[in-house]
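Good morning, everyone, and thank you for making time for this short talk. Please have the sequence and the model open while I speak, so that you can follow each residue as I name it.

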Amino acid sequence: MGSGDTAFSYRQTKWAEVIVGGDPDPANRNKITNWARDYWDVVHPFSAPGAYVNFMMEEGVSRVEATYGANYTRLQAIKTKYDPGNLFRVNQNITPERA
């Protein structure tokens with residue numbers, strides 16, 4: 001399968017890393033969050049520019065665009081055709097094109 005055959009463009013990637021931080025004590029929330037972000041900052045230069053979309057949270061439009069890569073423009077055109085009002089929107093949202 002080629003990178004344009006599905007929405008997920010990183011077909012050549014051999015593995016995916018998931019950074020998970022959890023602690024039952026809410027007092028440690030910032031500590032765990034900062035640890036996960038610091039870890040990501042260190043490994044990100046060695047990874048693909050995007051992510052696996054199902055692992056994403058609210059990471060911003062530029063990260064969503066990087067995740068879909070060259071497929072983003074095509075997916076945005078499809079989204080504009082079938083969901084121009086952006087009813088179906090969650091964390092990894094592809095926003096419709098603006099008129």
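If we leave aside the neighbours within four places in sequence, arginine 74 is in contact with Gly4 and Thr6. Please keep in mind that what we are looking at is a predicted model. Arginine 74 and glycine 4 lie 70 residues apart along the chain, and yet their C-alpha atoms are separated by 9.5 Å. Arginine 74 itself belongs to helix H3, and with a relative accessible area of 38% it counts as partly exposed, since that class covers values between 20% and 50%.

Let me turn now to helix H2, which runs over residues 61-68 and in which Arg63, Val64, Thr67 and Tyr68 are buried. Seen down the axis of H2, these buried residues fall within an arc of 130°, and therefore they line one face of the helix. What do the buried residues of H2 pack against? Their partners are helix H1, residues 29-43, and helix H3, residues 72-82. On the face of H2 turned away from that buried side, you will find the exposed residues Val61 and Ser62. After H2 comes glycine 69, which has a positive phi, near 55°.

How values were computed:
Residues are numbered from 1 along each chain as its sequence is written. This is a predicted model: local features need pLDDT of at least 70, side-chain atom pairs count only at pLDDT 80 or more; totals for chains, interfaces and linings use all residues. Side-chain values use heavy atoms; hydrogens and water are left out. Buried means under 20% relative accessible area, exposed over 50%, partly exposed in between (1.4 Å probe, protein chains only). Helices (H or I, at least four residues) and strands (E, at least two) are DSSP runs, numbered from the N terminus. The arc is that of the directions from the helix axis to the C-beta atoms. Contact means heavy atoms within 4.5 Å.
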